[in-house]
Amino acid sequence: QLQLVESGGGLVQPGGSLRLSCAASGFTLDYYAIGWFRQAPGKEREGVSCISSIDMSTYVADSVKGRFTIPRDNAKNTVYLQMNSLKPEDTAVYYCAVGAPPLPGRSCSGYDAGDYDYWGQGTQVTVSS
């Protein structure tokens, strides 16, 4: 059974850090694009970051550039979203998703939600003092 499980969300003060985990079971992440999305109440789902497991290229949205990174641990079949210098506007439910890798020479930066086939259940991140 293919499954993605996110964890690591919670309540953090502005300026703090969290690391979200996206653990895959039933398949290996080695040959996929993995994306992180978020959705705040009343807002559309937003792509935050992605990594292509073929060439390890990454993308980070302008709204989080310089604060978020997308490291991975192949041995644990897990991709992370490292979030630093968190702001109240980062409050949202965060989802990881898996899709086919981009074509050679392409980046997952061009992916939207429809390009991903499997989704986790989401984890809540709240940034508040």
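What share of the 129 residues in the protein chain is buried? Buried residues make up 42% of them. This is a predicted model. The protein chain has 12 strands and zero helices.

**Whole chain**

- Read from the N terminus, the elements run β-β-β-β-β-β-β-β-β-β-β-β.
- The radius of gyration of the protein chain is 14 Å, close to the 14 Å that the globule rule gives for 129 residues, so the chain is as compact as a globular protein of that length.
- The C-alpha trace spans about 40 × 30 × 25 Å along its principal axes.
- Take the contacts in the protein chain with a separation of 6 or more: residues 24 or more positions apart account for 60% of them.

**Surface and charge**

- The protein chain has an accessible surface of about 6600 Å².
- Carbon and sulfur atoms hold 48% of that surface.
- There are 10 positive and 12 negative side chains in the protein chain.
- The centres of these two sets lie 6 Å apart.

**Strand E4 and its two partners**

- Strand E4 covers residues 33-39 and is mostly covered itself.
- Six of the seven residues of E4 are buried, which fall under the 20% cut-off for relative accessible area.
- E4 runs antiparallel to strand E5, residues 46-52, and six bridges join the two.
- E4 and E5 form a hairpin with six residues between the strands.
- Gly42 in this hairpin takes a positive phi near 75°.
- E4 also pairs with strand E10, residues 92-99, in the antiparallel sense.
- Seven bridges link E4 and E10.
- Phe37 has Tyr95 in E10 as its bridge partner.

- Ser49 stands opposite Val60 in E6.
- E5 and E6 form a hairpin too, with five residues between them.
- Met56 sits in that turn and has a positive phi of about 65°.

- Gly9 has a relative accessible area of 34%. Buried means under 20% and exposed means over 50%, so a value in between counts as partly exposed.
- Leaving aside residues up to four places away in sequence, Gly9 touches Leu20, Thr123, Gln124 and Val125.
- Gly9 and Val93 are 84 residues apart in sequence. In space they are 8.6 Å apart, C-alpha to C-alpha.

Key:
Residues are numbered from 1 along each chain as its sequence is written. This is a predicted model: local features need pLDDT of at least 70, side-chain atom pairs count only at pLDDT 80 or more; totals for chains, interfaces and linings use all residues. Side-chain values use heavy atoms; hydrogens and water are left out. Buried means under 20% relative accessible area, exposed over 50%, partly exposed in between (1.4 Å probe, protein chains only). Helices (H or I, at least four residues) and strands (E, at least two) are DSSP runs, numbered from the N terminus. Two strands pair if DSSP finds at least two bridges between them. The radius of gyration is taken over C-alpha atoms; the globule rule is 2.2 Å times the number of residues to the power 0.38. Contact means heavy atoms within 4.5 Å. Accessible areas come from the Shrake-Rupley method with a 1.4 Å probe; for residues, only the protein chains shown count as cover. Lys and Arg count as positive and Asp and Glu as negative; His and the chain ends are not counted. The place of a charge is taken as NZ of Lys, CZ of Arg, CG of Asp or CD of Glu.
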